[in-house]
Amino acid sequence: MITGELKNKMDSLWEIFWTGGITNPLDVIEQMTYLMFIRDLDDNDNRKAKECAMLGLPHKSLFPDEALIGDRKIDGKQLKWSVFHDYAAENMFKNMTDNVFPFIKNLHDDKNSAYSKYMGDAIFKIPTALMLDKIVTAMDTIYEEIASLKNSDVRGDIYEYLLNKLATAGVNGQFRTPRHIIKMMVELVKPKADDIVCDPAFGTSGFLVETAEYLKTHLKQEVYFDKKNKEHFMNDMFHGFDMDRTMLRIGAMNMMTHGIENPHIEYRDSLSDQNPDRDRFSLILANPPFKGSLDYAIVAQDLLKICKTKKTELLFLTLFVQMLKLGGRCACIVPDGVLFGSSTAHKAIRKEIVENQRLEAVISMPSGVFKPYAGVSTAILVFTKTNHGGTDKVWFYDMKADGLSLDDKRSPVEANDIPDIIYRYNNLSAEESRTRTEQSFFVSKEEIAENDYDLSINKYKKTEYKSVEYPPTSEILAKLEELDSQSTQGLAKLKEMLA
């Protein structure tokens, strides 16, 4: 979460767009993303140049001495934020529209890449030189504030803050997944260097970017210094599907900024026959739409065979099972209704995961996690595809706090169960002795089956009641009479004073 001066600066930048005539929140975020991307390209190029100089390695800059824009040749330095941000307003605007924006639209050499496909119809919508000058100046002050904070996570906080401003969030169940929840899910499944990762409800690439960051942090040697693994990381590891081209465009830029050169990002209705991927991925991380309701005619028939329903949350869960290859893992967010719903479809998908796959964990989250744009209660399911069962017992955890207040403000608080969840999940043998009155415990598959495969933690959690001793009734009545007498005396004194 961003607060204080940085939040004020971001709000001021948003106001520049608003007063300048760009009032659609998604347009504002898209244009901001373009400019952040342009600045990041310069910063990343400068950082790589310094690293190569220190290591004595050759450096090929993104900004050639002579750049080809259409059929024109220009000085490549004009494309760098650190150069053109000092231009006069009119010159900056002309340079941006004629040179810089066409440059980023054609940045990727492979014209079939995700970046090229979704940047192809990108439009620069800032209408005037004065407005662009104000925005660039405001962004420079924001980056100075970021540098002063010396917090590597603040960029993600800024992006999350921008997306929280989407007025349309939640209309289709497209809730923005908080970054710390994404990070927790990634740490639970521990991505590997040879994984093939997919998010069939891609959004702005949060799950894929966090997976990449995890690999860079925990498996840097294995990923970057093994030629085969690095090639896989850059080109074949990451897959994402969505039906919103703007989100795909933002996601493609987001991934490229994080060093993933050629992710497989596609415009696709994941639940329809447009999606042929079955038994393909070794890891799925997702927060699929909750509120959608589809027509049977557009849903892939193999999904309806397992779970005949129009509810997207059930269909997506069925889809994850189908898309995983044997041994593949999944961590996904589902609304609470999936855990205890009594319809035939609800029971069918729960039974499929418990009986035919291996369900490992159900982590119940508090309803405030998705505020301010939704108060829905949710849970995280972690399971492995086996097609031959394997569920012996399921680990349940009752998350009560995530480090932020559970109201609309979502202010930082001390209470945070996330470190405990990660620690306990990685040490499940120590959970055997936990009782049903504690925050986490095991439940056997047999007991779950006896309860119609109900996966809600309240079905199994036991409440410990403590007896409380109260004073005798006579003593309570005497105390009430004393208080009543004091009140009467006080009222009499007040009347005397007013007489």
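This passage describes the overall dimensions of a predicted protein model and the packing of its helices α1 and α2.

In the predicted model, the protein chain contains 19 helices and 13 strands, and its C-alpha trace spans about 95 × 80 × 50 Å along the principal axes. Of the 499 residues in the protein chain, 51% are buried. When contacts between residues at least 6 apart in sequence are considered, 72% are found to join residues at least 24 apart.

Helix α1 comprises residues 4-19 and helix α2 residues 25-55. Two packed helices are described by the angle between their axes and the distance between the axes. The axes of α1 and α2 come within 11 Å and cross at roughly 115 degrees, and the crossing in which α1 passes α2 is right-handed. On the side of α1, the contact is made by Leu13, Trp14 and Phe17, whereas α2 contributes Pro25, Val28, Ile29, Gln31 and Met32. Seven of the residues in this contact of α1 with α2 are nonpolar and one is polar, with no charged residue taking part.

The length of α2 was also compared with expectation: at 1.5 Å a residue, its 31 residues should span 45 Å, and the computed separation of its end C-alpha atoms, 44 Å, agrees with this value. At the start of α2, a side-chain oxygen of Asn24 lies within 2.9 Å of the backbone nitrogen of Leu26. At the other end, α2 is followed by Gly56, which has a positive phi near 70 degrees.

Methods: Residues numbered from 1 in each chain as written. Heavy atoms only, no water. Axes fitted to C-alpha atoms, helices over the stretch in contact; angles between N-to-C directions. Helix = DSSP H or I, 4+ residues; strand = E, 2+ residues; numbered from the N terminus. Left-handed = near helix turned anticlockwise from the far one by under 90°. Contact = heavy atoms within 4.5 Å. Nonpolar A, V, L, I, M, F, W, Y, C, P; charged D, E, K, R; others polar. Expected span 1.5 Å × (residues − 1). Polar contact = N/O pair within 3.5 Å; in protein donor to acceptor, adjacent residues only side chain to side chain. Buried < 20%, exposed > 50% of the residue type's maximum accessible area, 1.4 Å probe, protein only.
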